[in-house]
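Here's a quick tour of the model on screen.

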Amino acid sequence: AVVLLARAGWEGRFVAAALEERGWEVRARFAVAPSVVVGADALPPLDTARVAAVVALDSSAAALAPAIAAYVRRGGGLVLAGDAALAP
């Protein structure tokens with residue numbers, strides 16, 4: 001699976017559709033408003049046995065930064081796009 005983290009909008013929907021067209025199982029978490037996310041229940045634990053990569057499209061992924069950093073240290077893949085690439 002690929003975990004997609006983004007704000008609700010066309011960008012996230014487009015990336016999810018493109019990944020699914022290529023055969024990836026996409027588990028998306030869309031930020032709808034401050035402290036409101038959709039799809040969080042569908043997220044698998046971030047471990048390399050269940051998740052191939054995390055794709056973060058914007059700063060909405062910042063809330064999961066510690067878990068993402070630990071996942072990457074264990075060898076998981078990470079794609080940062082947009083202002084997600086500017087996050088510490």
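Let's start with R27 and E25, whose side chains meet in a salt bridge at 2.6 Å, N to O (a salt bridge being a side-chain nitrogen of Lys or Arg within 4 Å of a carboxyl oxygen of Asp or Glu). Keep in mind that this is a predicted model, where local features need pLDDT of at least 70, side-chain atom pairs count only at pLDDT 80 or more, and totals for chains, interfaces and linings use all residues. Residues are numbered from 1 along each chain as its sequence is written, and side-chain values use heavy atoms, leaving out hydrogens and water.

There are four salt bridges in the structure. D47 forms one with R50, with the closest N and O atoms 3.8 Å apart. D58 pairs with R7 at 3.9 Å between the closest N and O atoms. That pair links distant parts of the chain, 51 residues apart: D58 sits in the loop between β4 and α2 (65-73), and R7 in strand β1. Helices (H or I, at least four residues) and strands (E, at least two) are DSSP runs, numbered from the N terminus. Shared partners join R7, D58 and D83 into one network of salt bridges.

How covered are some of these residues? Buried means under 20% relative accessible area, exposed over 50%, and partly exposed in between (1.4 Å probe, protein chains only).

| Residue | Relative accessible area | Class |
|---|---|---|
| D58 | 8% | buried |
| D47 | 22% | partly exposed |
| R27 | 28% | partly exposed |
| R7 | 39% | partly exposed |
| E25 | 41% | partly exposed |

Now the sheet. It is open, with five strands in the order β3-β2-β1-β4-β5 and mixed pairing (strands pair if DSSP finds at least two bridges between them). β3 and β5 (77-80) stand at the edges with a single partner strand each, so one side of each has no neighbour in the sheet.

Strand β1 (residues 2-7) is mostly covered, with five of its six residues buried. β1 pairs with β2 in the parallel sense over six bridges, and L4 stands opposite A28 in β2. On to β4 (residues 53-56): four bridges join this strand to β1, again running parallel, with L5 opposite A56. β2 (residues 26-33) and β3 run antiparallel, joined by three bridges; A31 has V37 in β3 as its bridge partner.

Finally, V38 lies in strand β3 (residues 36-38) and counts as partly exposed because its relative accessibility is 45%.
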